[in-house]
Each structure stands twice: as C-alpha cells, then as structure tokens.
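Subject: Structure handover and notes

Hi,

Here is the structure I promised to pass on. Please open it alongside these notes.

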Amino acid sequence: MEVGYLGVGNMGQPMAAKLLDAGHSLTIFDISEPAMRPLLERQARRAASSQELGDRSEIVFVSLPTLAAFRAAVLGPNGLIHGGALKVLVNTCTVGVPFVKEVEEAMAARGVTVVDCPISGGPAGARAGTLSVMVSGAPEAIERVRPLISLWGSTLTIAGDKPGAAQVLKLTNNILFAVSLAATSEAFVMGAKGGLDPEVMVNAINAGSGRNGATQTVIPTVVLDRSFDYGAALHILMKDIDLAIAQGEELGIPMWVCQTARLVYKHAIFQGSADDDISTLVRQVERGAGFEMPKTR
C-alpha cells in the first residue's frame, strides 16, 4: 500500500520517518526541499504537488503549520483533494472543529474519508516515537490506519466516532500546556532571581505538585542549556490558543485563565517574536524582570 505524507517539517518529518522505519512505501510532498531531503535520502518518493501525492497514495497524512497552508495544499486548485487515488486523509494538525468539518464535507463529496488524528509531544516526542495520538472518525477508517498511527507512540486514544472530537481533546491538551508554559516561565525566573539554582527547582518541582509539561520537557531540555530550540514557533501555539478559547466560548465556558495566558503570548508576538521558539517565552519574562537565568547544562 502506497502511503503519502503532505508536510514534512518539524513534526511531519520524524513522523514520516517512523513509517519508513516500519518498512512502508512512502511518497512525500513539501514546498521546502531541505525538509524533504532527509526522507528522500532514505528512498521516500517525491511527488511534484499535493495533487500528485493524492494521485499516487490511497492514504495521505497531513502535517501543516497553519489553516491557510492546509486549505491551500489540500483544498486548493492543485490540492490533495483532486488526487485520483486518495481514499483516506489523516489530519494530524490542530485546526479546530469547524475547519475539520469543512474538510470532511469537501472530502466526502470526492469519496474520501477523513480521520482526525492530532498528536501531542512535540518534535522530541515525534523523533522518539513517544507521541500521544488522539484520533476520531469512522471506526473502520480508524482501524485501517491504526497500524500506521500506532508507530508514533504507545498511547492512542479514540476520542469519538466523528472527525472533530479529537480536535476538542487536542485543544484541551494544548491550552493546558500553553497556560503551564506561561506560568512556569514566570515561576522559574522568579525562583532563580530569588537565589535558587534552576536545577534544584527542576528536581523539586518535578517530584512535587507543580510538575507539568513545561517543567518536565521545555525547561530541562532547552531552557537550562539556553538553546531555546524546542521546535515549535510561538505563532503556532498562539493559533492553538485562539482555537481553544474559541471552542470554550462557543460552549459557554468562562475562559478567564486562558484569556490571561493568551495576553502573555500576544505580548511576545507584538514584540516581534512570532517566529521564535515557544521556549523563548522565558526570555520575555527575563527582560521584564531585568534578570537572566544562568546556563546550567
């Protein structure tokens, strides 16, 4: 079975590599030649366009950074939707429920089934094969792609039988991560300026009630060594925050804490940091504090 992958950037490249590792025949397309090169060197096949990818692949995975990029590459004039072989589209992007419904309706008109499959764990998790995979859609379609998506991580959660349910689950996860990253950035700068060794903070907090995704991954892996290269841009997380708040407000949920965290990210973006790594949020706090945490690794 020929599998296709559309978008092989920070997340898509290592996820596509897992398919190659398992021996699957893979065709790829990305507008970035450097992004494709490592996979082409491993004998992945090159498609000349999104449409050609759909002409050559029954199952296509999509990992694109923005809704605009997704709409153009999938639904555009030379988009994936026009591919003659395509039968199942697996969306790994965080795009929100309304957008998934839009894609599902368009694809259904072409006889294509959509499986919604956002993932969590960042580029490091993608490389290690430890992603949390969230999936929703028709049970038979999920079972068809299960052997493939299970290659990305041991935790596979079925959120529901309709595309979109997994989006709600992913947005729930991502807004928690965004809030924790903002709060953790402030807390660690506070502790360090107050005289604490950042390594001491990491050890104590991750053994206590304050541990979260930021204290367990972002701070120890890319902040303490001052590399700030977690692998996701602030504008991408900002997109997820906006989608999560819109989802909550549509359901009548007061999103007070999330709205406050959103202001933190908006401030960073207004400061010109939209394309900077999400871990550089720490630097925003440091500038406000007039203090820089020491490099400890």
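Below is what was found in it, from the whole chain down to single residues.

**Ground rules**

This is a predicted model, so local features need pLDDT of at least 70 and side-chain atom pairs count only at pLDDT 80 or more, while totals for chains, interfaces and linings use all residues. Residues are numbered from 1 along each chain as its sequence is written, and side-chain values use heavy atoms, with hydrogens and water left out.

**Whole chain**

The protein chain holds 13 helices and 9 strands. Both are DSSP runs numbered from the N terminus: helices are H or I with at least four residues, strands are E with at least two. The C-alpha trace spans about 60 × 45 × 35 Å along its principal axes.

Of the 297 residues, 49% count as buried. Buried means under 20% relative accessible area, exposed means over 50%, and partly exposed is in between (1.4 Å probe, protein chains only). The chain exposes about 13,000 Å², and carbon and sulfur atoms supply 55% of that. Areas come from the Shrake-Rupley method with a 1.4 Å probe; for residues, only the protein chains shown count as cover.

Take contacts between residues at least 6 apart in sequence: 66% of them join residues at least 24 apart. Contact means heavy atoms within 4.5 Å.

On charge, there are 25 positive and 29 negative side chains. The centres of the two sets lie 2 Å apart. Lys and Arg count as positive, Asp and Glu as negative; His and the chain ends are not counted. Each charge is placed at NZ of Lys, CZ of Arg, CG of Asp or CD of Glu.

**Cysteines**

A search of the whole structure finds 0 disulfides. The term covers a pair of cysteine sulfur atoms within 2.5 Å. For Cys-93, the closest cysteine sulfur is in Cys-117, 10 Å away and too far for a bond. Cys-93 is buried, at 4% relative accessible area. Cys-117 is buried too, at 0%.

Helix α1 (residues 12-21) is mostly covered, with 8 of its 10 residues buried. Among them are Met-15, Leu-19 and Leu-20. Gly-23 follows α1 and has a positive phi, near 90°.

Ala-44 sits in the loop between α2 (33-40) and β3 (45-46). Ala-44 counts as buried because its relative accessible area is 8%. Leu-26 is 18 residues away in sequence, yet its C-alpha is 5.2 Å from that of Ala-44. Leaving aside neighbours within four places in sequence, Ala-44 contacts Leu-20, Leu-26, Ile-28 and Leu-39.

**Strand β8**

Val-135 belongs to β8 (residues 132-136). Its relative accessibility is 0%, so Val-135 counts as buried. Val-135 and Ala-166 are 31 residues apart in sequence and 5.2 Å apart in space, C-alpha to C-alpha. Beyond four places in sequence, Val-135 touches several residues, including Cys-117, Ile-142, Leu-156 and Ala-166.

Ser-180 lies in helix α8 (residues 165-193). At 14% relative accessibility, Ser-180 is buried.

Two residues in the loop between α10 (213-223) and α11 (234-250) deserve a look: Arg-226 and Phe-228. Neither is a glycine, but phi is positive in both: about 60° for Arg-226 and about 50° for Phe-228. Arg-226 counts as buried at 16% relative accessibility. Phe-228 is buried at 7% relative accessible area.

Helix α13 (residues 281-289) has these buried residues: Leu-281, Val-282, Gln-284, Val-285 and Glu-286. They pack against α8, α10, α11 and α12 (256-273). Gly-290 follows α13, with a positive phi near 65°.

Best wishes
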